[in-house]
Amino acid sequence: MDEERDARASQPAGFEQLLRANAASMLRFADFVLHDRSAAEDAVQEAFMIAYQRRGALRDPAAFTPWLRTIVLRECLRWRRRGFFRAFGLSDQVVAPAAVDPAVQLDLARAVRRLSPKLRAVIFLHFFEDQTLNRVALELNIPEATAKTRLYEALRRLQRVLPGYEPSNTGGET
């Protein structure tokens with residue numbers, strides 16, 4: 001399987017197949033970071049063009065997904081810095097499972113929207129992609145301690161803006 005992926009990554013048509021296979025995941029990631037579906041689509045498209053142009057720089061085809069996710073995140077951060085993006089603001093859309101209470105979902109959406117894209121990226125990978133902090137650090141090409149700090153900071157900020165929110169650490173349900 002790895003040999004097949006390595007062979008695909010080295011061929012333009014195979015590389016295109018790898019991009020297509022990761023398109024939905026990368027779009028969800030970009031949408032979560034940007035909170036704007038249209039901007040996310042544009043950012044992913046730009047990131048895919050960059051990845052295709054720089055495919056020769058991919059040293060380890062087994063690291064394709066983290067490599068691509070890093071490019072997508074950088075492109076999302078670049079989109080965030082664009083003036084017209086800030087002028088139009090972010091939509092209220094959050095890519096997340098439906099909350100039981102719509103009021104809680106709305107509060108959470110607003111709170112997450114206030115986080116920086118770097119904090120949202122860690123939240124997305126850890127909670128929505130169910131990745132360990134070690135894997136999050138590898139995906140984002142940051143030290144594990146930085147991933148832990150970003151996750152802690154994001155959760156601290158969410159707790160501060162969500163009245164009555166307390167992390168669940170009772171462990172009562174199994």
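The legends below describe close-up views of a predicted model.

This is a predicted model in which local features need pLDDT of at least 70 and side-chain atom pairs count only at pLDDT 80 or more, while totals for chains, interfaces and linings use all residues. Residues are numbered from 1 along each chain as its sequence is written, and side-chain values use heavy atoms, with hydrogens and water left out.

**Figure 1. Overall fold: the protein has nine helices and zero strands.** Helices (H or I, at least four residues) and strands (E, at least two) are DSSP runs, numbered from the N terminus. From the N terminus on, the elements run α-α-α-α-α-α-α-α-α. Of the 174 residues, 39% are buried; buried means under 20% relative accessible area, exposed over 50% and partly exposed in between (1.4 Å probe, protein chains only). Among contacts with a separation of 6 or more, 67% join residues 24 or more positions apart, where contact means heavy atoms within 4.5 Å.

**Figure 2. Confidence: the protein averages a pLDDT of 76.** pLDDT is the predictor's confidence in each residue, from 0 to 100. A score of at least 70 is reached by 72% of the residues. Among the elements, α3 has the highest mean pLDDT (90) and helix α5 (residues 83-88) the lowest (42). Over residues 1-7 pLDDT stays under 50, and the model has five contacts beyond four places in sequence for them. Residues 83-100 also stay under 50, with 33 contacts beyond four places in sequence. Where pLDDT is low, the predicted coordinates should not be read in detail.

**Figure 3. The largest nonpolar core holds 47 residues.** A nonpolar core is a set of buried Ala, Val, Leu, Ile, Met, Phe, Trp, Tyr and Cys residues joined through side-chain atoms within 4.5 Å. Phe29, Phe64, Trp67, Leu68, Val72 and Leu140 touch the most other members. Two or more residues each come from α2 (12-34), α3 (37-53), α4 (64-81), α6 (102-113), α7 (117-128), α8 (133-140) and α9 (144-161). The largest share, 10 residues, is given by α2. Not counting residues up to four places away in sequence, Leu68 touches Leu19, Asn22, Met26, Phe48 and Ala51. In soluble globular proteins, nonpolar side chains tend to be buried together.

**Figure 4. Phe32 and Phe128 form one of the aromatic pairs, of which the structure holds eight.** Rings of Phe, Tyr and Trp (its six-membered ring) pair if their centres lie within 6.5 Å; planes under 30 degrees apart count as stacked, over 60 as edge-to-face and the rest as tilted. The pair of Phe32 and Phe128 is tilted, at 4.9 Å centre to centre and 50 degrees between the planes. Phe32 in helix α2 and Phe128 in helix α7 are 96 residues apart, and the pair links distant parts of the chain. Phe32 is buried, with 1% relative accessible area, whereas Phe128 is partly exposed at 33%. Phe128 also pairs with Phe124: the ring centres are 5.9 Å apart and the planes at 15 degrees, so this pair is stacked. Phe124 and Phe128 both lie in helix α7, four residues apart, about one turn of the helix. Phe124 is buried, with a relative accessible area of 1%.

**Figure 5. Phe15, Tyr52, Phe64 and Trp67 form one aromatic cluster.** The charged end of Arg55 sits over the ring of Tyr52, 4.1 Å from its centre. A charge sits over a ring if NZ of Lys or CZ of Arg is within 6 Å of the ring centre and within 35 degrees of the ring normal. Elsewhere, Arg69 lies over the face of Phe29, at 5.2 Å from the ring centre.

**Figure 6. Helix α2 has a kink of about 50 degrees, centred on Ala23.** The bend at a residue is the angle between axes fitted to the seven residues ending there and the seven starting there. Just after α2, His35 takes a positive phi of about 60 degrees, although His35 is not a glycine. His35 lies in the loop between α2 and α3 and is buried, with 0% relative accessible area.

**Figure 7. Asp130 is found in the loop between α7 and α8.** Asp130 has a positive phi of about 55 degrees and is not a glycine. At 68% relative accessibility, Asp130 counts as exposed.

**Figure 8. Thr70 lies in helix α4.** Thr70 is buried, with a relative accessible area of 12%. Leaving aside neighbours within four places in sequence, Thr70 is in contact with Glu139, Leu140 and Asn141.
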